[in-house]
Amino acid sequence: MIDFDLPFLLAIAKFALVFIPLCLIPICIFMERKGASLMQDRYGPNRANIPLLGGIRLFGFVQNLPDGIKLFTKENFIPRGAHTFWYLLAPMIPLAVALLTPSVIPWFGPMVVEGSRGLATVSGQILDADSGVLVLFALSGLSIYGVVLGAWASNSKYALLGGMRASAQMISYEVSMGLSAAGIFLIVGSFSLTQIVEWQAAHTWGIVVQPVGFVLFLTSLFAETGRAPFDMAEGESEIVAGYFVEYSAIRFGLFYMGEYAHIAIAGALLSTLFLGGYQIPFMDTEAVRANLGFVSGAIVAAVGLSCLGIAYMVRRWARIYSRMQTTDAVDRKREYNILNGAFSVIGLGLLAVAAALMVLVHPAKGGLGAADIWPLWVNLGTAAVQVGTLVVKILAICWIFVWVRWTLPRFRYDQVMALGWKIMLNIALVNLLVTAVVAKLVKG
Amino acid sequence: MARTVPRPEMTLAEKAYVPEIVKGLKVTMGHFLRGLFTPETLPVQSYPETPSVIPRNYRAKHRLMKRPDGEPRCVACMMCSTACPANCITIQAGESADDRIEKKPVKFEIDLLVCVFCGLCAEACPVDAIRMDTRIVALAADSREKFKVGLKDLMSWEPKDYPDNDTQSQKAPGGLLNAEAKKQWGIS
Ligand code: SF4
Ligand code: SF4
């Protein structure tokens, strides 16, 4: 009979974490569209609204909704001459990979809980394998199959060209990606992502000990996710849209979502290897547990203050807007009132919650059974704080992806290859060599 | 003789990519922050919520000028339809009721879908009967037929929508100079 004790239930509950990258997709898309538009000095999407909720547009966030509805209801077109089976299979691969990879990312620090068979450690990874990072590299390398397969199966020379370019680029940059991350494995002495994060908590962030590795890894991630300036798989001017040119409706949408999920995963990987993963800066897991009330209060207060900031911006914009002569003044006024009210109330509420947390929550180690361990609610609260920290880091890195995309022009194909093989690979090798020598000297 | 334009030499810092990339990132971030915190400074107009300013001399939809009694000023001379490079003006002449004037249009049709808005018709007209200063630029209809505008449509403008110093428009019925013009013409 299966024993439904606490560690087992927690292991099951951890599966919910798989959906975090999926939930980040709409946020990423919103950031991308708004970032792109503001960097190009325009407003960006702001027409879609929810009439039932007073016509709120949430700064264009609502645009995701009609986009999704459109993608789901458009005609699913299969071009003549396409290999139907592969054609239909290809768009599923990137998203499937995006659903699988979070299982090896450590989302929170390992917690010790008391089960029916004594104390048990619950890891922050769903799949706590020593080879975690290899699984991650393997999986994220797999998503290129979706691109190549889709390109090949859609029986279009433009798609095929895009797929070929993408695969060549992806293979080239996989090499320098692995090599640039190898430095951190050398220093930590482990492939296990949880141990890498714990090492960073005990010593210092990976970016400090491996700055060159960080830059190389970030650049390789741009290439790996097929984002500008390495979006060889696309290319409006020369190969129409690239590998997904023959795809329409939600099959195109799957590629699109896969791209953003891939970015989210890349962000998780980058922050895990180089930016301390789920750790709050300068606080290791134990410190968070001991000061849970203060830490969570500070975080909630920060969120509340940003809500108040947003409310202030809404009021300011409403004032400016009311001076313009517009035909939609009534609708906008109503919307801005709703947004202002909602964000003010939420912000103040969160500040109150933060104060309550700081005053009321003082966790203490309980003598649970055999040993002195933290009670379950402290563990869970810490896990929530750490998942939130990692998500914030992921979003920050997603923002860097967006930022770089709208800054740099696309490289020419031969430049991409030259950069990958002649420059990045060499720097990565030298970096690895130096790291190995230094690590040997320091560790003895 | 061919002139050689030397390519600018890149400095070491430029060749190293990274400093230049950082510069570029700074530029885009500046634009982003400006848009985020002062969206009103963006050179953007929310069309159609904020009205766009179209100058009077913009070649927009046509109109036919009116005499003080509301009749079309056009004398059906066919100059405009002859000048029209798109051949989109169809005029049918008829006899004018006023015996000082020979002809008047009984049908005057412009196919706005065919029109290239070149303005040659307005240039060609000897009596300033056709103008393109309505500032109507958003032309929309649900069938091709509706883009063929006739006499009624072309003459359905009001003098109050035109500036006071536009004397020709103000002489039409309802205009500031209408009474005066009627006296001149001897129309009651
Ligand atoms: S604007 Fe040009 S094309 Fe249009 S009706 Fe006049 S002459 Fe013809
Ligand atoms: S040129 Fe002027 S007067 Fe002659 S037909 Fe055209 S609009 Fe009428």
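Let me start with ligand 2, which in this predicted model is surrounded by 14 residues, the closest being Cys74(B), Cys77(B), Met78(B), Cys80(B) and Cys125(B), where a residue counts as near if one of its heavy atoms lies within 4 Å of the molecule. By class, the shell around ligand 2 holds 14 nonpolar residues, with no polar and no charged ones; here Ala, Val, Leu, Ile, Met, Phe, Trp, Tyr, Cys and Pro count as nonpolar, Asp, Glu, Lys and Arg as charged, and the others, Gly among them, as polar. Ligand 2 also sits in the second largest cavity. A cavity, on a 1 Å grid over the protein atoms alone, is a set of points where a 1.4 Å probe fits but cannot get out, and a molecule sits in it if more than half of its atoms lie within 2 Å of its grid points.

Before going on, a word on conventions: residues are numbered from 1 along each chain as its sequence is written, while chains are lettered from A and ligands numbered from 1 in the order in which they are written. Local features need pLDDT of at least 70 and side-chain atom pairs count only at pLDDT 80 or more, whereas totals for chains, interfaces and linings use all residues, and side-chain values use heavy atoms, with hydrogens and water left out.

Around ligand 1 there are 14 residues, of which Cys84(B), Cys115(B), Cys118(B), Gly119(B) and Cys121(B) come nearest. The shell of ligand 1 divides into twelve nonpolar, two polar and no charged residues.

Now to the cores, meaning sets of buried Ala, Val, Leu, Ile, Met, Phe, Trp, Tyr and Cys residues joined through side-chain atoms within 4.5 Å, with buried meaning under 20% relative accessible area, exposed over 50% and partly exposed in between, for a 1.4 Å probe and protein chains only. The largest has 93 residues, and those with the most contacts inside it are Trp107(A), Phe217(A) and Leu273(A). Its largest share, twelve residues, comes from helix H16 (residues 376-405) of chain A, helices being DSSP runs of H or I with at least four residues, numbered from the N terminus. Apart from this core lies another, of 22 residues, including Ile89(B) and Val149(B).

Leaving aside residues up to four places away in sequence, Val175(A) touches Trp421(A) and Leu425(A), contact meaning heavy atoms within 4.5 Å.

Technical notes. Helices (H or I, at least four residues) and strands (E, at least two) are DSSP runs, numbered from the N terminus. On a 1 Å grid over the protein atoms alone, a cavity is a set of points where a 1.4 Å probe fits but cannot get out, and a pocket is an open set with protein on both sides within 12 Å along at least five of seven lines; lining residues have an atom within 4 Å of a point.
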